[in-house]
Structure formats: C-alpha cells, structure tokens
Amino acid sequence: MDLDTITSVLQPRRTNDLPAWREGDAWLAGGTWLFSEPQPALARLIDLSGLDWPAAEISDTGLSLSATGTIAALDRLALPRDWVAAPLVGQCCRALLGSFKIWNRATVGGNLCTALPAGPMIALAVALDGTCVILRPGGGERHVPVLDFVLGPQRTALIPGEILRRIDMPAAALQRRTAFRRISLSPGGRSGALLIGTRGRAGGFALTVTAATPRPVQCSFADLPDAAALRAAIEAAIPEGGWYDDVHGAPDWRRHVTGLLAEEIREELAR
Amino acid sequence: MRITVNGQVQEAAPQPGQCLRTMLRDLGWFGVKKGCDAGDCGACTVHLDGEPIHSCLLPAFQAEGRAVTTIEGLAGSCTLDGAASTPLHPMQAAFRDAQGFQCGFCTPGMIMTAAALNQAQRQDLPTALKGNLCRCTGYRAIRDAVAGLAHAEASDAGHDGPVGRSLPAPASLAVVSGRAAYTFDCTIPGLLHLKVLRAPHAHARILHIDRAAALAVPGVVAVLTHEDAPRRRFSTGRHENPLDDAADTALLDPVIRFQGQRVAAVVAETEAAAMAGVRALRVTYAVRPALFDPRMALKPDAPLVHDPADRDPTGRDGDRAGEDAPPLLAHPNLAAEAHGAIGDVEAGFAQAHRVHEAEYVSQRVQHVHLETHGALGWLDADGRLTLRSSTQVPFLTRDALCALFDLDRDRVRVLCGRVGGGFGGKQEMLTEDLVALAVLATGRPVKYEMTREENFCSATTRHPMRVRVKVGARADGRLTAIALSVLSNTGAYGNHAGGVLHHGCNESLAAYNCPNKRVEGYAVYTHTLPAGAFRGYGLSQTIFAVESAIDELARGLGIDPFAMRRLNAVRPGDPMVATSLEPHDVVYGSYGLDQCLDLAERALADDPGEPPPGPEWLVGQGMAMGMIDTIPPRGHFAHARIRLEPDGGYALAIGTAEFGNGTSTVHGQIAAQALGTTPDRIRLIQADTDAVTHDTGAYGSTGTVVAGQANHRAASALAGRILAAAAAQAGTEPEACRLTRDGVETPSGVIPLTELARGDGFEATGDADGTPRSVSFNVQAFRVAVHPRTGETRILRSIQAADAGVVINPMQCRGQVEGGVAQALGAALYEDYRFDAEGGVLTRTLRNYHIPALADVPATQVLFADTHDTVGPLGAKSMSEAPYNPVAAALGNAIRDATGARLTATPFAPDRIYRSVMAVRETAGA
C-alpha cells in the first residue's frame with residue numbers, strides 16, 4: 001500500500017554510505033512486510049537493494065546468507081552434497097505464508113527482522129545454529145545467535161540504527177540430519193506450529209520449536225532422548241502461558257500439536 | 001522517472017512511499033486491481049521484467065527503468081486505449097473459455113499469475129496460486145481455465161434458442177483483458193479524496209472535534225463532522241420498504257456505538273493529504289461503558305446502545321424501530337423480535353420418543369468481496385448529484401439519498417460500473433451518504449474507497465447467532481415438535497436485524513412438516529460493528545442448528561439422514577408453515593427436493609472420493625438440506641425496457657447490477673429467447689437510475705426471477721409488436737411470421753430488422769412485482785476425514801444437488817453453487833472475527849482472516865433437479881444465496897459421523913474441535 005508519510009528515499013550504493021539513523025527511518029529490503037501495513041510513523045526509506053550484497057556464500061566453514069537475499073534465491077541455491085540438511089531450505093521456503101510471487105521480493109533478513117512467530121527463515125536459521133551478523137551504526141559489527149535475535153512477536157535484538165547484514169550457519173550444522181513438521185489451521189495457512197529436529201553424526205539431538213511460541217525455543221540433547229524426556233524438556237522450556245495466542249491457533253492446541261509433532265520428529269530421527 | 005509499461009515508455013513521478021499499483025492506476029492501467037492493498041489477495045499482480053509480483057508491495061521508485069506488464073499488455077504491447085485490437089494471451093482465452101471468473105475482480109491478477117507458471121507449478125495449483133484469492137468461483141472454474149478446459153458454448157444461434165445453454169458472460173472479453181471498468185476504473189478531473197477518522201472507543205460521546213490542525217494541512221479542502229451532516233436518521237440496510245429497517249443511524253453521529261464508527265471525514269486534493277488531515281484531527285470523547293456480549297444485552301443494567309436519553313427530544317431525527325419483526329419488549333437494546341407458534345410444542349415433545357436439544361452458535365463472518373465498498377460522486381452538467389457506486393441497490397440508494405438530503409428523485413442519479421462482488425454486503429448504504437455530503441459541501445467530485453481494513457472494521461458482517469433448538473420425533477422418525485430460540489447480535493445498528501431474524505426463522509422451519517412449532521427470536525444491539533445482509537439472510541445460521549439437530553435425532557433413532565428428510569420434509573400440497581398460519585404468497589411453483597435427495601444420496605454412494613490422507617484419519621459422511629423462498633417477502637419490483645435499434649439489435653434497459661451474480665448473461669439469454677435472436681444482439685443498459693423507472697435491486701436472489709421476469713415480459717411484448725408490424729406489412733397474420741436474428745420471416749419473404757427499425761421504432765416495457773413466490777431446494781453431502789489428534793479436517797467428497805427450476809445457464813448456475821459452497825466452507829472451517837477487550841477488531845487483514853484459497857476448496861459435484869417452475873421466468877428459480885445455507889450443517893454432520901463428536905459452533909477449526917474429537921475417542925476407548 002502507499003506509505004504516504006514517506007517524504008524521502010535514500011538509495012546507498014555501498015555499505016559505507018549507509019546514512020546516520022534518525023527517527024522515522026526504515027530499512028527497505030523486499031518491502032513485502034513494510035508495504036503490507038500502514039506505517040504512519042515512518043518518514044524516510046533507506047533502500048538496501050543498491051548495496052548488491054551477494055545473496056549467499058558457500059564455503060568450507062558453512063553457509064552465509066545476506067539479509068537482502070530473496071527467498072527465491074535461497075530456494076534456488078545448490079548446496080554441497082554432504083550438507084544433508086539441505087532439504088530444510090526448501091521446506092522452510094514453502095512454509096512461508098506468501099506465494100512464490102512473494103518469494104521474488106521477500107528477503108531472508110526481512111523475515112528475521114519482522115520477527116513473526118511463524119517466520120520460517122527464523123526456524124531455519126535457529127535449527128542450523130545460525131548467527132546474526134549485525135552492523136552497528138558508525139561502523140563495527142556484533143554477532144548474536146538467531147535464537148537470541150528474535151525476542152518476541154515483531155521484536156528483535158536490533159537497536160535503532162543497527163542493520164542485519166547476514167546470517168552465518170556453520171557447516172557442522174548443515175551436515176546434520178533433519179526432520180521438519182508444520183501444522184496450520186488450513187492446509188496452506190500460516191504456521192500454527194513449525195518444528196525442526198536435527199541430529200548430528202555423533203548423536204546429538206536438537207528440537208527447534210517456532211510458530212507455537214512467541215519466539216523460537218530450542219531443546220538440545222547430547223543424545224536422542226526418549227519420548228518422556230523430550231516431553232519433559234518441552235514442558236520445562238515452554239511454561240504454561242508460554243504458548244502463542246493469535247488467530248492462527250489457540251495456545252492449548254499449539255501446545256498439544258507441538259507435543260505430537262515433536263514426537264514424530266524424534267521417531268523419524270531415531271531411525 | 002521512466003518506466004516501460006506494456007511496451008510503452010512512460011514518464012511518471014511517484015510519491016516517495018507510493019506503491020507500484022497506485023502509480024500504474026494513476027497512469028490509467030486500471031486492470032491492476034486494488035483488492036487487499038497488503039499483498040494477500042494477488043489482484044494487483046503484474047510482471048516486473050517478466051517476473052510476477054504483487055504491485056501493491058513494490059515501492060514504485062524501484063520500478064524505475066524496468067519493464068512492467070499488466071493484464072492489458074499480457075498479449076503484447078498495447079496503448080491505454082488499444083482495447084479491441086489486442087488479441088488475447090492464451091491464458092486470457094483460457095479464462096474466457098472456462099469462464100474462470102464471476103465478478104472478475106480477481107481475474108487480472110489470477111491470469112497474470114497463471115500465465116507465469118511453469119509446468120511444475122501448474123501441476124501444483126494449491127501451492128502456485130496460494131497468493132491469489134477469489135471469493136466468487138470456488139476455484140473449480142479457475143483450475144479448469146489453467147488446465148485448458150473449455151466450457152463456454154459459442155453464442156451464435158442454437159436450435160432451441162439460448163435458454164438452457166452454457167453461454168459466456170457478455171463481459172467475458174472485457175474481464176479477461178482487464179478492460180472491464182469497475183467502480184473506480186475511471187479518471188475524473190479535479191477529483192477530491194475522502195478519508196474517515198474512525199472511533200477508537202466502542203461507546204462514547206464526542207465532546208469536541210478540533211479541526212483547525214486538519215484544515216491547516218496543505219491540500220485539505222474540508223472537514224466534515226456531525227455538525228455538518230443532516231440529523232435525519234436512516235438505516236444503512238436497504239429494502240423496497242424503507243420502514244422495514246430501524247431508522248437508528250446518522251450520517252455522522254455525536255454518539256459512538258462501536259469501535260470503528262465514523263467520527264469525521266476529511267476531504268483533500270490527495271489521499272495522502274486526506275490521511276494527514278485525519279491524523280491531525282483532535283477529538284475529545286466522554287467514554288462510556290460498553291456492551292459486547294449479546295447474552296447480557298437484555299439485562300436491566302446493560303449499557304444501552306441506543307440510549308433514549310441520546311435521542312433528539314424533538315423527534316425530528318425520525319429515530320424509530322423497524323417494522324419487519326419489530327421489538328415488542330421495552331428494552332432499548334432490543335432491535336427486533338420474532339415470535340410464533342403453531343400447535344402445542346410441549347405436548348409434541350411429550351409425544352416424542354427422542355428429543356435433541358442443543359445450542360448452535362454461528363460466528364461473525366465477512367463477505368470479503370474483493371472490491372471494497374466505495375463510491376465516486378460529482379455534480380453533473382445540470383448540477384445533479386451523481387454517484388458511481390459499488391452497490392447491489394442503486395435505486396434504493398438513490399431513494400435513501402433523496403430522503404436524507406431532501407432532494408427530489410430527479411436531482412439524484414446512482415449508477416454502477418461492474419461491481420467486484422457483493423454477497424449481500426452491498427445491500428447497504430455504507431459510503432454513498434458520506435460522498436454525497438462531501439460533494440454537496442465542496443461542489444467538487446469526491447472519491448471514497450474503503451480500505452480493506454475499514455471493510456473489516458466498520459462495514460457489515462453476517463449476524464452472529466446463538467440458536468437453541470429442540471426437536472422431538474417418534475420412534476418412526478416423524479417429527480412431533482420443533483422449538484427454536486434465537487439470539488441474534490445486530491451490533492451497533494439495526495440494519496437488517498428484523499429481516500434476517502424473520503427470514504432465518506422461516507424457511508428453516510417451513511421446510512418440515514411438524515404439527516407443533518415455536519420460535520422465539522431476539523435481535524439485540526451491542527457495541528460491536530453492525531451486522532447486515534449476508535448471503536442466506538439468516539438461514540445459514542438457523543439451518544446449521546436445525547439440520548444438525550435433525551441429524552442427531554435421526555442418528556439417535558437409527559434412521560438414515562436422507563430417509564429422515566424424505567419422511568419429514570414438506571411435499572407439494574403440504575402447507576408451508578413456519579410458526580404462523582397467516583396466509584402468504586409462497587407456492588410450490590415446482591418441487592425438486594425429492595430429486596435433490598436422491599441425486600445427492602446416489603452420488604455419495606457411487607463415488608467415495610479422495611482417499612483419506614493417512615490410515616489413522618477417521619472417515620465419515622453427512623448431509624443437510626435447505627429450502628429458500630425464491631424472492632424476499634414484502635415487495636420486490638423490477639422494470640425493463642427494450643428497444644429495437646437501427647442496426648437490428650436490441651437495447652435492454654434493466655435495473656440490476658452485475659457483481660458476479662451472472663444476471664447480465666441471463667438477461668441476454670432471456671431476451672434473446674423471446675426475440676428469436678442471440679444474446680450478442682442484446683445490448684444491456686443496466687444498474688443506472690436513469691435506465692428504468694425502478695428496480696428494487698439484486699438481493700434476495702432476485703436477479704433472475706424478478707428482473708428476469710420483467711425482462712421476459714418486455715422482450716415478449718416487443719416480439720409481439722415486431723411480428724404484428726411485419727405481418728401488417730406483409731399482409732398476413734402474425735402467427736404466419738417468425739422472428740429471427742436478422743429479420744421477420746413472412747410468407748412473402750424476410751423483412752430485415754434494420755428495415756423495421758426505421759421510423760418510430762419499437763419499444764416495449766415489462767414489470768415484475770415479486771409475487772407470488774416459489775421455493776427452491778439444496779441438498780449438500782460430504783464425505784470427510786478428520787485427524788483424531790490434531791483436529792484437521794479434509795473433505796474427500798462434496799456434492800450439492802440444487803433445485804433451480806429450469807437452469808437458464810448450466811455453466812453459470814454450477815458456478816454459483818460452487819462459489820456458495822466455497823464461501824460456506826470458509827465460514828464452516830476457518831473464518832472468524834476476533835476482538836480485543838475494548839471491542840476493537842483484531843482480524844483486519846486477509847492474512848489474519850483466512851478466506852478459502854484454492855488449496856482449501858475441494859471439487860464439488862453439482863447436480864440439478866429437473867423441474868420447471870410455474871412462477872419464475874421460463875421456469876427458472878433463484879440459485880445464488882441458497883447453496884451457502886446447508887453446508888455448515890452437512891459438514892458438522894459428516895464430522896459427527898466420522899468422529900462421534902457433535903460440533904455445535906462454527907468454524908470447525910482444528911484448534912477448536914480437537915478436544916471434542918479426542919474426548920469422544922477417549923471415552924469410546926475407555
């Protein structure tokens with residue numbers, strides 16, 4: 001929609017040209033969230049598309065995704081064969097509520113920074129032990145685990161003027177086996193619960209719970225837990241009242257289906 | 001900046017925060033639609049350098065130097081005015097041939113998306129089209145279009161005339177090419193924009209509105225508050241008789257009765273200035289306690305929605321109750337009441353071997369027509385107030401404006417472009433009064449287009465209802481008594497409160513033979529957004545209750561649900577009685593319920609449908625029926641005028657609007673049938689108060705049966721006159737002559753119509769008064785699978801049998817049924833409003849108010865009964881609201897069969913039903 005309070009747009013070409021932050025500024029990446037809601041408090045857009053950050057870099061150390069890379073570009077990535085977690089990428093892209101047309105514009109960083117409980121890029125990045133690389137105003141950067149980056153619905157660890165540059169995921173995480181489960185109130189609807197399990201070659205097991213909770217939750221185990229231990233760990237990590245409540249699922253149902261899906265994941269990764 | 005649109009290099013100067021959609025429309029590319037303005041519906045889809053995107057989400061400046069293709073240019077480069085010369089892209093042709101649209105508002109975006117799909121995506125349409133919402137079709141016709149299946153027959157002459165044939169809509173080419181002009185698809189020089197400040201409180205009195213800062217905003221032309229508006233009260237609900245609805249609404253009211261009510265309007269040179277003006281208004285409110293729960297409305301200490309103390313003491317505002325189902329009790333929160341009884345209900349229950357009693361709750365749902373409410377207004381060359389509006393009722397709106405502003409009928413004109421969906425929501429005056437006020441205040445043209453958010457937060461919805469039903473039957477299944485107790489929540493205003501209550505309690509009961517019936521119904525005011533007319537008009541809510549209860553009763557008695565209906569439903573000769581023995585004008589013009597029951601039952605038995613998704617899923621089947629009067633009571637009128645034109649074609653003037661109802665197609669077929677011609681020879685002049693004397697409007701499923709009747713009478717009269725003249729000229733009798741597409745065949749040769757059209761010409765008129773009325777029937781059956789632990793439901797098979805009389809256009813009528821089923825599935829499975837503690841609507845976007853997407857809608861097999869109605873034109877009956885009505889009950893009955901759980905509240909969303917489903921299983925397993 002028209003953001004009619006916007007009076008100016010900056011289109012920096014280099015990271016060094018990013019302007020000093022001021023009240024009423026917004027970083028513009030794909031715009032698929034920014035332009036989907038009224039933004040009466042905004043006055044200036046800083047368009048990041050001219051920075052030409054490469055969408056993704058693959059190296060021995062792992063996968064690095066630029067915040068401005070689109071979901072479509074991510075879905076097209078060809079990953080090394082020993083990164084057996086690769087199917088997770090497509091599964092998480094498909095979990096996006098928006099269609100492939102949105103993929104053409106929406107960015108990985110935008111999905112993280114919007115910080116909706118159902119943001120599938122959040123689930124992907126948390127499950128793969130992602131780290132957010134954040135550019136600080138005036139130079140310098142800081143690193144925050146994705147798990148700690150998303151604080152709650154539409155709330156992140158970014159302070160005004162900071163910008164999410166990229167998300168780094170270590171090769172070790174990409175070499176784990178994964179299991180993906182998602183449920184929503186309608187077949188293609190927004191996720192009510194999105195769970196990812198990972199299992200390392202050494203046996204380590206981690207369960208990432210998103211969409212069912214206001215922010216991502218991860219339960220880690222040195223080895224595969226039994227059903228009761230997994231249940232107990234979820235209960236310990238997500239207290240009563242810790243389940244998300246909105247039109248995409250009642251909290252009691254999210255809790256219930258999280259238990260069901262977690263057990264399915266455990267069984268799948270036990271095989 | 002420079003941009004290439006459809007091959008044309010264009011200069012544009014977008015505002016910094018403007019989206020591409022607005023810029024393209026400003027350039028005149030009106031095929032790019034504004035549906036949700038938030039990236040959810042896909043109506044604005046264009047190609048950016050060949051890639052499909054939602055143009056409402058793309059900042060316009062990012063399109064600089066790039067190539068954009070809109071629907072107008074999909075087939076190749078084109079100019080703005082190059083309408084007819086452009087050939088169709090294969091996907092446009094496919095949508096035309098499959099008639100993959102109804103109102104057509106989603107069609108440009110649907111085609112632009114479909115045209116960009118690769119082979120793999122075409123194989124997975126539920127995923128590929130999840131970003132494109134259609135509210136009309138139920139998606140089957142869209143699937144068929146993408147698959148390249150054609151359904152439309154050629155519109156040249158058939159052997160038996162056009163009636164009964166699947167002819168395409170006359171606007172097909174315009175719709176698929178993006179050239180059909182909807183309400184806002186026109187350029188008006190000097191247009192002002194109107195925006196509304198909406199109340200942040202559910203109940204308050206406005207103490208003061210400080211407009212100084214708003215008026216100081218550059219571009220703001222006027223601020224309108226209750227001090228500027230007429231005091232006279234009216235109802236937004238429109239009926240032939242304006243006294244039917246309570247006159248309880250003011251154009252701008254110092255008393256706020258729901259969060260989202262209009263507080264003031266700002267009129268400005270641009271939308272941005274109008275919005276800035278709205279933000280600059282300073283309003284002081286005295287906040288009052290609010291009433292949200294309809295069950296509390298009639299308590300003695302309930303906050304009063306229409307406090308008598310707020311009334312104009314002089315009574316000059318005309319505040320009064322509605323005359324359809326008027327309130328009898330003295331409580332001011334009572335908007336309408338319906339009571340009636342036949343026989344002795346208590347004695348009936350005493351005779352019953354089995355009784356079922358439960359309360360069934362139907363939630364608040366929205367129409368979600370993809371074109372939001374809105375109107376354009378201006379003064380014409382003679383200074384006449386003219387409105388181009390998105391309405392189902394142009395004539396009744398004209399009359400309402402005349403009454404409100406004290407204007408004579410000849411000083412107001414209301415007309416429609418193509419209307420982007422209605423579903424009853426546009427049987428209201430929700431924008432035209434404000435636009436008229438602004439036009440009269442400024443003397444300039446004014447546009448008010450509701451945002452999608454306003455549509456959710458301040459326009460009307462279905463009436464939420466709690467229906468307590470008690471039914472009893474003997475061991476042989478014969479009903480002994482039915483009692484309904486209905487509590488309907490009309491929200492802050494009483495538009496349609498009485499009519500919906502009255503109608504809801506009528507056909508749902510009249511469909512059954514039962515000696516003892518009783519209804520007590522109350523429609524109450526609350527401090528929530530007003531409910532209004534909605535497809536089914538009360539019946540979807542009461543039929544959910546009655547048909548669930550009958551199913552439960554049959555189940556308890558061990559009787560098959562189809563057999564239960566055969567045993568108890570009315571048959572020709574049976575009196576159709578709800579709860580009054582007063583005479584009425586409803587007759588069995590035809591009767592097809594027996595066929596519908598047989599057709600649905602057989603289809604369900606013959607084909608089990610899709611397999612369940614997994615072995616643990618529980619499978620069951622269920623059905624429900626609905627009866628509906630073919631025309632609303634209390635008067636429904638139409639006039640038609642038809643003229644032979646110099647080119648040998650005909651101009652047909654008719655009042656009804658086209659909003660996806662398909663009436664335009666039917667009008668062409670009816671007139672062509674009577675005149676021995678083809679529909680392409682019939683030019684429609686429609687939905688314009690200048691076109692004919694009067695037309696009550698296309699609501700209550702009347703487009704075919706009332707306006708079509710007037711058309712048929714006019715066209716038949718004209719045919720008679722032409723034949724008589726030709727016979728006289730040929731020196732023979734009219735019986736010896738035959739009217740054909742090009743002329744009148746006489747024993748002495750053909751007299752061309754072009755020759756007959758010379759001179760004084762031929763014209764005829766026809767009227768219809770909407771009485772007597774007939775009944776139509778629908779039977780819905782489902783086979784479903786339910787996941788025993790997550791509560792997910794999947795429809796394996798869906799069948800609807802419909803008794804529509806003679807089906808004038810089978811393809812189109814099938815589409816109406818499919819669309820009705822899909823819309824009803826939305827209400828049965830997903831859609832619901834959520835409010836915060838202060839009465840504010842939380843479900844303000846389509847991503848938070850889930851209407852069915854392609855993935856959510858199964859194919860529904862549509863079967864027609866073979867009947868011929870003695871009341872409707874050419875044997876036809878109405879079939880537009882009715883398919884919606886039995887769906888929720890049929891689905892609930894199927895889920896009951898699968899799981900053992902009787903669900904008594906819609907929607908049957910997984911998070912709401914899983915406990916019931918699991919509880920039954922656990923009990924059974926224990």
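This is a predicted model: local features need pLDDT of at least 70, side-chain atom pairs count only at pLDDT 80 or more; totals for chains, interfaces and linings use all residues.
As for the hand, the crossing of α16(B) and α23(B) is right-handed.

If you'd like to find the contact on the screen, look on α16(B) for S540(B), I543(B), F544(B), E547(B), S548(B) and D551(B). Facing them from α23(B) are A888(B), A889(B), G892(B), N893(B) and R896(B). Sorted by class, this contact has 4 nonpolar, 4 polar and 3 charged residues.

Let's stay in chain B and turn to a sheet. In what order do its strands run? The order is β2-β1-β5-β3-β4 in chain B, an open sheet of 5 strands with mixed pairing. At the edges stand β2 (8-11) and β4 (51-54) of chain B; each has a single partner strand, so one side of each is left without a neighbour in the sheet. On average, neighbouring strands of this sheet are turned by 35° against each other, direction ignored.

Zooming in on one pair, strand β1 of chain B, residues 2-5, runs antiparallel to β2(B), and 4 bridges join the two. Within that pair, T4(B) sits opposite V9(B) of β2(B). The sheet also has a helix packed on it: α3 of chain B, residues 107-114, touches β3 (45-48) and β4 of chain B. The direction of α3(B) makes about 40° with that of β3(B).

Now over to chain A. The domain assignment gives three ranges here: domain 1 is 8-50, domain 2 is 56-172 and domain 3 is 176-270. Between the C-alpha centres of domain 1 and domain 3 of chain A there are 35 Å.

And how do the two chains meet? In the model, 40 residues of chain A are in contact with 44 residues of chain B. On the chain A side, β1 (8-10), α3 (100-103) and α9 (251-270) each supply at least two residues. Which element gives the largest share? That is α9(A), with 4 residues. By class, the chain A side divides into 19 nonpolar, 15 polar and 6 charged residues.

Key:
Residues are numbered from 1 along each chain as its sequence is written. Chains are lettered from A and ligands numbered from 1 in the order in which they are written. Domain bounds come from an automatic or database domain assignment. Two strands pair if DSSP finds at least two bridges between them. Axes are lines fitted to C-alpha atoms, for helices over the stretch in contact, and angles run from 0 to 180 degrees between N-to-C directions. Two residues are in contact if their C-beta atoms, placed from the backbone, lie within 7 Å. A crossing is left-handed if the near helix is turned anticlockwise from the far one by less than a right angle, and right-handed if clockwise. Ala, Val, Leu, Ile, Met, Phe, Trp, Tyr, Cys and Pro count as nonpolar, Asp, Glu, Lys and Arg as charged, and the others, Gly among them, as polar.
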